[in-house]
Amino acid sequence: MSVDRRSVLRGAAVGAAGVGFTAVGAVPTLAEATPASRGGHTPFPQHRPFPPLLDDPKGLLALPAGFKYRVVTKAGETKLKSGQPTPTLHDGTAVFDGSRHGTYTLIQNHEIGAADPLGVPPIEGTVYDSGVGAAGGCTVISVDRDGKNLGEWVGISGTITNCAGGPTPWGTWMTCEETENKANGTTRLKDHGYVFEVWADGKTAHPVPLKALGRYAHEALAIDEDRTHIYLSEDASGPNGTFYRWSAPRGYRLSSRSWQDLQNKDFGTLEALAILGDDGKPIPDVAYLTSAQLLRPFRTTWVPVPDRDGATTSVRKQFTDGQITRGKKFEGVYGTSKGVYVVNSFAEGGTADLPADAVPHDGMVWFYNYDDRTIQLVTYFPENAAALSLDSKYQDLNFDGPDNVTVTPWGSLILAEDGNAASHVLSATPGGPTYAIARNMLNDSEFTGPTISADGKVLFVNIQTPGITLAITGPWRDYLG
């Protein structure tokens, strides 16, 4: 997630920045969103805007009036139950109702690529690859309803570059390794680039790779409502990655025991996305589409992956040009009962990762509809130089680099920025503009892992570097409901 960040200002913006038109749930058509009276009215539903952000006297987190935060964990300062310090580089996170009344449980990734003084300690029974030492993995955190830390422990260790992932319907977390590193006989005794399932009870651990989901630079995933498909994103370059779908064998439904079946790399089918143009052929890259296509449904097809384990050739390189649809930085993924959201963080012009005749952008959010098998662009940030400068007078109105995404209990979206200059947590409401709901005042690190409790009371989010988890409380329903 934190790789491939832009460090130079780019050309002038195309259109207005910081405004994303978003469709949530069933994704209403323009006709459905248009009110009966058109006289002076917007064709999109209106939502109450968040108040302006107020600077934090402690210099950590700017929030709107009426909201407050609490630090849950901080790398190197808070402690695990085993006595070691909290690991660094907090990333993808999910929140579940805790086993005790009045508590929540967080499962959190740590995007650490090699042995580190603040790596995830290799606790016996949780280790996948003993060669990597204290590197990536997941911790589990118990908190009360105010975000007070009640204890943190290791859920999985011996993995690397644990970026994002996704919650399962049965209350576990699937953590994704954003790497393709193979075993080297010394610092890596096993191949990496897999998905692993992580339990929250502090007792259960099965640190085995789910090879059926492929070996590549995984970012995030979502399981569909009927438990027969898993949708997965890939953050990779040279060539760009894509969006994948795993499908269960006929008559099979995913469950808490599926980790045993998913160890088999040939179990089910893995396919890559192709978005079809008007000519019926795959659009080569998502960056050929712009805000001019907002909410327009495009037909899709799925192309089988020849060798999902990438034994000799990386999965994304097994497809010929024009066979699938690629995209720069496929990132956050989150599922609903109707479909799944997936994010492209940005694509800058003048690079090998963007086709010469495609359009640079500062972020795209897509919605794939399960029933219709179509995909729609629902939020679009045009390329915008103002979003890349801390000198921008209106920095809380200019956004770039959406990354993690989550859906609130009311159907609206929350996005975490991984761009340049100011970093924000954003709300994107159905059919309306995008608002800043928090700003990092500590440093220029990205926000990661936004996740909101099922009761809508607490938003948890991380500042990746140095590694801080925050619990934000306030009148969320008033602005997101």
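Which side chain does Glu331 meet in a salt bridge? The partner is Lys329, at 3.0 Å from N to O. A salt bridge here is a side-chain nitrogen of Lys or Arg within 4 Å of a carboxyl oxygen of Asp or Glu. Both Glu331 and Lys329 are buried, meaning under 20% relative accessible area, where exposed is over 50% and partly exposed lies in between (1.4 Å probe, protein chains only).

This is a predicted model, in which local features need pLDDT of at least 70, side-chain atom pairs count only at pLDDT 80 or more, and totals for chains, interfaces and linings use all residues. Residues are numbered from 1 along each chain as its sequence is written, and side-chain values use heavy atoms, with hydrogens and water left out.

The count of salt bridges comes to 11. One of them joins Asp455 and Arg145, 2.7 Å from N to O. This pair links distant parts of the chain, 310 residues apart. Asp455 sits in the loop between β24 (447-452) and β25 (458-463). Arg145 sits in the loop between β6 (136-144) and β7 (149-159). Strands are DSSP runs (E, at least two residues), numbered from the N terminus. Asp455 is partly exposed at 28% relative accessible area, and Arg145 is partly exposed at 31%.

Arg245 pairs with Glu271, their closest N and O atoms 3.0 Å apart. Arg245 lies in strand β13 (residues 243-247) and Glu271 in strand β14 (residues 269-275), so the bridge ties together parts 26 residues apart in sequence. Arg245 and Glu271 are both buried. Elsewhere, shared partners join Asp55, Asp396 and Arg439 into one salt-bridge network.

Now the pockets. A pocket is an open set of points on a 1 Å grid over the protein atoms alone, where a 1.4 Å probe fits, with protein on both sides within 12 Å along at least five of seven lines; lining residues have an atom within 4 Å of a point. Volume is the space filled by probe spheres set on the points, which are joined across faces, edges and corners.

The largest pocket holds about 830 Å³. It has 38 lining residues, and Pro167, Tyr334, Gly335, Thr406 and Val407 are the closest to its centre. β4 (90-97) gives the most to this lining, with 6 residues.

The second largest pocket has a volume of about 400 Å³. Of its 24 lining residues, Ser99, Trp153, Ala200, Asp201 and Gly202 are the closest to the centre. Here β7 gives the most, with 5 residues.

Methods
Helices (H or I, at least four residues) and strands (E, at least two) are DSSP runs, numbered from the N terminus.
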